[in-house]
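The following note sets out numbered points on the model shown below.

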Amino acid sequence: MTILNNPVLSDLIIQERDILTRIAEGGPLDQVLRDLVLLVERPSNGEMLASVLFVSPDGRRLLQGAAPSLPTEYNEAIHGIAIGDNVGSCGTAAHFGRPVIVRDIATDPLWKDFRGLALKHDLHACWSMPIKAADGTIIGTYANYYREPRLPTERDMEVISMVARTTGILARQQAEEQRQLLFREMNHRVKNAFALASSLVTLSARVAKTPEELANTAKARLAALGRAHGLVKPKNLDGGWAPEDTTSLRAVLDDILAPYLDEVMMERVAISGADFALAPSAITSVALLFHEMTTNAVKYGCFAKPEGRLTVTWGIEGDRIDITWEERCPSTNGPPPKAGFGTTLIDGMVRQLHGSIEREWRVDSLAIRMNMPLSSIAQATQIASGSSWDMPSSEVAAQ
């Protein structure tokens, strides 16, 4: 049999069982996926570099899944590429739902728009296999890159098919965990809704002079809170944002903060950064990220104390964006002994946007710093044209 005569394939089968066992035992999916890619690469001694991409929620693009050996610059450049004909090997494979074998990137027309990028990183061949769900839906691609032009052998195709199948199992497991996360998130939001409503009434009572004024102010803030919650509705419930939906980073921040700001509070909030349009698929993640940080500020941080202040700044360097959320208020309690679900959500959203996050606790402040690729959150057309960055920077109170 082919498998018995192919020690590489036999070893892969044994290792695949180990990986599936780790999945069943609840191993971190991103780490398991990374280990799977490294496992497939190992026999080639550096000649083959593997990549897994997943279809975006809107079904139009491919997002980075795991490619630990490919150059970071290359991974960031292809994160978010369109699915379609003549979009490299992976974009085309996801479009047609069949393997796409490119022997020589330097001459193949499928790579005309990405040829320079690939050759810059010494990538000369790319074979891509679609990853399918149980019902046949395309959920991603698995690809092998090579340092020289070449075509696959029959054994190569057997290995690629096996890895694509295993990755499909991984993706289905990830989808199940996301459903469980959704249930936890909904429970978390329901509890927060009551806490936030109580906080809004307290904030309104600080400035209201009559019961009627208190009622009107609280009603307006609750309506604003409802609009803010609309930004972070789970994608599973209504399909998420339509591709034509557009909004900016500043607009999302304004909507999220609006329920907690009045003429007094506005003086305590400053936002600074060149505004830009968010990618439709990133709107929910970005909104949820700032919603959770705002919720924590209302319950425990700068919005829970009359003297608290909030500063949100961001800056763009090359192809990355740095965002800093800083709360200043006396006698902060420091980091909690155990991270709550809100913190888990924040960290998860940053990872989903392929970024990093760090927190700095001081006696009178908390600074949360995030760094991520622009391609994860900004509209691709504006990144390409640079028009996103034409808007002047500003330092003004949130409206």
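**Note on the predicted model**

1. **Salt bridges.** The whole structure contains 10 salt bridges, a salt bridge being a side-chain nitrogen of Lys or Arg within 4 Å of a carboxyl oxygen of Asp or Glu. The model is a predicted one, in which local features need pLDDT of at least 70 and side-chain atom pairs count only at pLDDT 80 or more, while totals for chains, interfaces and linings use all residues. Residues are numbered from 1 along each chain as its sequence is written, and side-chain values use heavy atoms, with hydrogens and water left out.

2. **Glu73 and Lys120.** These two residues form a salt bridge whose closest N and O atoms are 2.6 Å apart. Glu73 belongs to helix 3 (residues 72-78) and Lys120 to helix 5 (residues 115-120), so the pair ties together parts that are 47 residues apart in sequence. Helices (H or I, at least four residues) and strands (E, at least two) are DSSP runs, numbered from the N terminus. Glu73 is partly exposed at 38% relative accessibility, whereas Lys120 is exposed at 56%. For these classes, buried means under 20% relative accessible area, exposed over 50%, and partly exposed in between, with a 1.4 Å probe and protein chains only.

3. **Other ion pairs.** Arg150 forms a salt bridge with Asp156, with 3.5 Å between the closest N and O atoms. Arg150 is partly exposed, at 26% relative accessibility, while Asp156 is buried, at 19%. A further salt bridge links Glu360 to Arg362, where the closest N and O atoms are 2.9 Å apart. Both residues are partly exposed, Glu360 with a relative accessible area of 28% and Arg362 with 44%. Salt bridges with shared partners join Glu360, Arg362 and Arg369 into one network.

4. Six strands form an open sheet in the order 3-2-1-6-5-4, with antiparallel pairing. Its edge strands, strand 3 (81-82) and strand 4 (100-102), each pair on one side only. Two strands are taken to pair if DSSP finds at least two bridges between them.

5. **Strand 5 and its partners.** Strand 5 (residues 125-132) pairs with strand 6 (residues 138-146) in the antiparallel sense over eight bridges. Strand 5 also pairs with strand 4, again antiparallel, over three bridges. Ser128 stands opposite Ala143 in strand 6, and Ser128 in strand 5 is the bridge partner of Val100. Strands 5 and 6 make a hairpin with five residues between them, and Gly136 in the turn has a positive phi of about 95 degrees. Seven of the eight residues of strand 5 are buried, so this strand is largely enclosed by the rest of the structure.

6. **Largest nonpolar core.** The largest nonpolar core has 41 residues; such a core is a set of buried Ala, Val, Leu, Ile, Met, Phe, Trp, Tyr and Cys residues joined through side-chain atoms within 4.5 Å. Elements that each supply at least two residues of this core include helix 9, strand 8 (309-317), strand 9 (320-328) and helix 11 (341-352). Helix 10 gives the most, with nine residues. Another core, of 22 residues, lies apart from it, with Ile78, Val87, Val102 and Leu110 among them.

7. Trp325 is one of the residues with the most contacts inside the largest core, as is Leu257. Leaving aside neighbours within four places in sequence, Trp325 is in contact (heavy atoms within 4.5 Å) with residues including Leu253, Leu257, Phe290, Met293, Leu310, Val312, Leu366 and Ile368. Seven of the nine residues of helix 9 (residues 249-257) are buried, so the helix is largely enclosed by the rest of the structure.

8. **Cysteines.** The structure has zero disulfides, a disulfide being a pair of cysteine sulfur atoms within 2.5 Å. For Cys126, the closest cysteine sulfur is that of Cys90 at 4.8 Å, which is too far for a bond. For Cys302, the closest cysteine sulfur is in Cys329, 6.1 Å away and likewise too far for a bond. Cys126 is buried at 0% relative accessibility, and Cys302 is buried with a relative accessible area of 0%.
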